[in-house]
Amino acid sequence: MENKTSQTIEKHALITSGERVLIAFSGGADSVALLHVLKALGYEVYGAHINHMIRGEEALRDEWFCVDMCRELGVPLMVYKKNCPQYASMHMLTMEEAARKLRYEALENAMETFACQKIATAHTQNDNLETMLMRLIRGTSSYGLRGIDIERGHIIRPLLEVSRDDIETYVKKHGLDYMDDSTNKDMTYLRNRVRHMLLPELETSYNPNIRERLMRLSENLKTDADYFRQEVKDSFDKFAESFGENTVVISKEAAKELHPAILERLIRYCVSIITGDGKDFDQVHTMIVKDLFEKPSGKKVNLTKGIAAANSFDDVVIYKEKPSISEEVTLSLGDFVQVGDTESFISLTDSQPISKESFINTCTHVFICDKMVDNVIVRGRTDGDIINKPCGKTVKLKDFLIERRIPAFMRDNIYVVAHDDAVVMVCSPVDYAAPADTSLGSSKNYIALWRKNGYKN
């Protein structure tokens, strides 16, 4: 097993010289073998153990076992207690989903604390096969059917080409103790049914070489995924753009020029930019978004976990929904305030704002108003708002935003500046100031719109 693990690390360049590796250490046979073999291969290793508070005394037993083993091997260890049942109930997740989320949050924290560069999990070849079958049963694409990736960012799986038989042989050879998790025999979990019932039945009744066949399929699909990944990135550069962390825009030209296989993958890639991993976004959601390319502008669909998509003029927009703006901020002379969670700022001064390139915030628009100002408010757009255009014509703010091609889903999240109940400024993404009253004399105040690392439009 040492040779297999070493070859896997070298072949996939999982760990480079001098990197610290954090082991996700449960105390089971797989993680014990991983900790021991990486230490034997000379890597600088650290441990993190998560007690999910599911198994009572058994979980405490595992925790103390991990503490004792790491002390014996001289491996620094961090222990986390996470109330998984409570978290699952509060966030309406399955126990497996909640445990996974809490586990990776703890691992990220431990990695930062120990200044590690990689997190190593003890997923094996068997875990990969089980995952493939589970996804096939639940429904998946060819990308999902590839199984577990050997590397995902800074998370690595050095044992992914090692079988569970190899693990058992290794721990027995080195006389290593480990803990058995009683939930691994609980048949209410799909993974356990696949492990203990489905795979053995497939081997016995259908194909004694089913594991080797599935591994070959996994390798072939991962090769295909590598090719498609590059195609999708090239397509994203050509047809799509992200705006912050919560919005991605895809040009409708993508539907005309791209093969459906690339377009569908591009959609999933755009979702992953917003969600971090694209988890819970399946083929059904992909097809819903794909259909939007043929729908009229203004059509919106809700997808999953706060993600929505909308047909907006020449684009399809995928975004994380935000609640409509409800707060109001009243400005006083001398104030300089941030506009919600945007990168815009509003100031109220009695002198002309001066913008310099060296400023981190650039003044983009100015509205000149009467000297006596006590009712300048920054708030969200409301029905009935009107604004003056440069030509002097007064129009509904809604019509003004449509003219500026601001999609419907963004209009309720636009901030405005109101003076004497009239909208005089519109903030990101429009950045507009109404023309000032030319009858004003020298007695003036200035409402200024600033943009972080700003621009003029």
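Q: How many disulfides does the count come to?
A: The count comes to zero disulfides, a disulfide being a pair of cysteine sulfur atoms within 2.5 Å. This is a predicted model, in which local features need pLDDT of at least 70 and side-chain atom pairs count only at pLDDT 80 or more, while totals for chains, interfaces and linings use all residues. Residues are numbered from 1 along each chain as its sequence is written, and side-chain values use heavy atoms, with hydrogens and water left out.

Q: Is C70 buried or exposed?
A: C70 is buried, at 1% relative accessibility. Buried means under 20% relative accessible area, exposed means over 50%, and partly exposed lies in between, with a 1.4 Å probe and protein chains only. C270 is also buried, with a relative accessible area of 0%.

Q: Now the strands. How many residues of strand 2 are buried?
A: Seven of the eight residues of strand 2 (residues 44–51) are buried. Helices (H or I, at least four residues) and strands (E, at least two) are DSSP runs, numbered from the N terminus.

Q: Which way do strand 1 and strand 2 run, parallel or antiparallel?
A: Strand 1 (residues 20–24) and strand 2 run parallel and are joined by five bridges. Two strands pair if DSSP finds at least two bridges between them. R20, for instance, has E44 in strand 2 as its bridge partner.

Q: And what about strand 3?
A: Strand 3 (residues 77–81) runs parallel to strand 2, and five bridges join them. Here N51 has K81 as its bridge partner.

Q: What do strand 2, helix 3 and strand 3 make?
A: They make a right-handed β-α-β unit, in which helix 3 covers residues 57–73. Strand 1, helix 2 (residues 29–40) and strand 2 make a right-handed unit as well. A crossover is right-handed if, with the strands pointing away from the viewer, the path from the first strand over the helix to the second runs clockwise.

Q: Switching to charges: how many salt bridges are found in the whole structure?
A: The search finds 23 salt bridges. A salt bridge is a side-chain nitrogen of Lys or Arg within 4 Å of a carboxyl oxygen of Asp or Glu.

Q: Which residue forms a salt bridge with R55 at 2.7 Å?
A: That residue is D62. D62 is buried, at 3% relative accessible area, whereas R55 is partly exposed, at 22%.

Q: Last topic: in what order do the five strands of the open sheet come?
A: The order is 7-8-11-10-9, with antiparallel pairing. Strand 7 (240–243) and strand 9 (300–302) stand at the edges, each with a single partner strand, so one side of each is left without a neighbour in the sheet.

Q: How many bridges join strand 7 to strand 8?
A: Four bridges join strand 7 to strand 8 (residues 247–251). Among the bridge partners are E241 and V249, the latter in strand 8.
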